[in-house]
Amino acid sequence: MRIGELAQRTGVTTRALRFYEAQGLLSARRSANGYREYDEDDVGLVKEIQTLQTIGLTLDETRPFVDCLRSGHETGDSCASSIEVYRRKLEEADALLARLGGIRAELAAKLAGALARQAPDPCVVPESPRP
């Protein structure tokens, strides 16, 4: 299949596919007329890259998964190098969650303090109608 069909089947732009190729994540074969040619394995590679980017991996971090698929494994996370990326990203996510938890606690304390210092609303007595 040519680049346009691969783009359509994977939901990625042709520009992105060329970028993946320039980064060494995707390799196109060239037909006699110079067109890029792809096969079903390339559909899987692009979908793997997309899925991994959706969960926060950078393009460079997808490389072990792509290499794992290229080496003949059914899934990109069958290799030790891919599992290591998962571990590292999980540690990063845990650190971010801990930081966000601290920020949330600080904001909650600030809000509680501000509410405690706030003067109660004065009782407002409506004006009585004049006869």
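A: Start with accessibility: buried means under 20% relative accessible area, exposed means over 50%, and partly exposed lies in between (1.4 Å probe, protein chains only). This is a predicted model, in which local features need pLDDT of at least 70, side-chain atom pairs count only at pLDDT 80 or more, and totals for chains, interfaces and linings use all residues. Residues are numbered from 1 along each chain as its sequence is written, and side-chain values use heavy atoms, leaving out hydrogens and water.

A salt bridge here is a side-chain nitrogen of Lys or Arg within 4 Å of a carboxyl oxygen of Asp or Glu. The count comes to 8. Helices (H or I, at least four residues) and strands (E, at least two) are DSSP runs, numbered from the N terminus.

Take Arg29 and Asp39. Their side chains form a salt bridge at 3.5 Å, N to O. Arg29 is in strand β1 (residues 29-30), while Asp39 is in the loop between β2 (36-37) and α3; they are 10 residues apart. Arg29 is partly exposed, at 38% relative accessible area. Asp39 is partly exposed too, at 33%.

Next, Arg9 bridges to Glu40, with the closest N and O atoms 2.6 Å apart. This pair joins helix α1 (residues 3-10) to helix α3 (residues 40-54), across 31 residues. Arg9 is partly exposed, at 36%.

Now Lys89 and Glu61. Their salt bridge is 3.3 Å, N to O. Lys89 sits in helix α5 (residues 80-117) and Glu61 in helix α4 (residues 59-70), 28 residues apart. Lys89 is buried at 19%. Glu61 is buried at 13%.
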